[in-house]
Amino acid sequence: MLSIIISSYQPSYYNQLAQNIHKSIGENFEYEIIRIENPNMMSIAKAYNLGAKRAQFLNLLFLHEDVIFHTQNWGKKIIDYLKNSTTGVVGVAGSSYVPKAPSRS
């Protein structure tokens, strides 16, 4: 249901993220992780585009490898947002900073 594309250059960060995804995305949630090894050889956009071409699911999640999810069952939550016909893209960010630009928390 969700193809997770990661541009990776630090194996320890990637391994930590892959374990975190497995533990937090939700039981019986269908996903794949596509790791694009990128030791500064290409732009992140190119790495993400390569990953998108390999994806088996229509829903794509592009991640930096230094992300850690704290929310449990977040995979279903993202898919639920994407099911809304008025939603085209979901942005996921972790910060205590809230910009003045329109956003939904």
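How many bridges join strand E1 to E2? Seven do, and the two strands run parallel. The views below show a predicted model, in which local features need pLDDT of at least 70, side-chain atom pairs count only at pLDDT 80 or more, and totals for chains, interfaces and linings use all residues. Residues are numbered from 1 along each chain as its sequence is written, and side-chain values use heavy atoms, with hydrogens and water left out.

**View 1. The open sheet has three strands in the order E2-E1-E3, with parallel pairing.** Strands are DSSP runs (E, at least two residues) and helices likewise (H or I, at least four), numbered from the N terminus; two strands pair if DSSP finds at least two bridges between them. Strands E2 (31-37) and E3 (59-64) each have a single partner strand, so one side of each lacks a neighbour in the sheet. Isoleucine 4 stands opposite isoleucine 33 in E2.

**View 2. Strand E1 (residues 2-8) is covered on both faces.** Leu2, Ile4, Ile6 and Ser8 on one side, and Ser3, Ile5 and Ser7 on the other, are all buried (under 20% relative accessible area, 1.4 Å probe, protein chains only).

**View 3. Helix H1 (residues 11-24) packs on the sheet.** H1 touches E1, E2 and E3, contact being heavy atoms within 4.5 Å. The direction of H1 makes about 175° with that of E2 (axes are lines fitted to C-alpha atoms, for helices over the stretch in contact; angles run from 0 to 180 degrees between N-to-C directions).

Methods
Buried < 20%, exposed > 50% of the residue type's maximum accessible area, 1.4 Å probe, protein only.
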